[in-house]
Amino acid sequence: WDRDLWEEGAVIALESNDAALEVTKNGASSVMVVYAPWCQFCQKMEDDLSAFAADSDIAVYKFRGDEEREFASANLNTESFPPV
């Protein structure tokens, strides 16, 4: 796979483990997708999640879980892709 997902639009990139933890702890309503750009299921949900983020009044985040598997498993209830 030659690109990241949700590179443009309303989906907000979480660039660090600390940023991902802050989202889980801040108490605000939000959606976080923990993804891998090579995952075919993640790829297939790209357009729908982009549309949801654009039309929603809650924040929609993305976190690259394949680069932080141990963290994602321990802190984001993620064993496979894509959990939302």
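## Salt bridges and a network

A salt bridge here is a side-chain nitrogen of Lys or Arg within 4 Å of a carboxyl oxygen of Asp or Glu. Going by that, Arg64, Asp66 and Glu67 are tied together in a network of salt bridges. The model is a predicted one, where local features need pLDDT of at least 70 and side-chain atom pairs count only at pLDDT 80 or more, while totals for chains, interfaces and linings use all residues. Residues are numbered from 1 along each chain as its sequence is written, and side-chain values use heavy atoms, with hydrogens and water left out.

Asp66 is buried at 16%, Arg64 is partly exposed at 25%, and Glu67 is exposed at 54%.

## A link across the chain

The structure holds four salt bridges. One of them joins the side chains of Lys62 and Asp4, at 3.1 Å from N to O. That pair brings together distant parts of the chain, 58 residues apart: Lys62 belongs to strand S3, and Asp4 to the segment before strand S1 (12-13). Strands are DSSP runs (E, at least two residues), numbered from the N terminus. Lys62 is buried, with a relative accessible area of 6%, whereas Asp4 is partly exposed at 22%.

## The largest pocket

The largest pocket has about 180 Å³ of space. For the record, a pocket is an open set of points on a 1 Å grid over the protein atoms alone, where a 1.4 Å probe fits, with protein on both sides within 12 Å along at least five of seven lines; lining residues have an atom within 4 Å of a point. The volume is the space filled by probe spheres set on the points, which are joined across faces, edges and corners.

Strand S3 (residues 59-64) gives the most to the lining, with three residues. By type, the lining splits into six charged (Asp, Glu, Lys and Arg), four nonpolar (Ala, Val, Leu, Ile, Met, Phe, Trp, Tyr, Cys and Pro) and two polar (the others, Gly among them).

Definitions and conventions: Helix = DSSP H or I, 4+ residues; strand = E, 2+ residues; numbered from the N terminus. Buried < 20%, exposed > 50% of the residue type's maximum accessible area, 1.4 Å probe, protein only.
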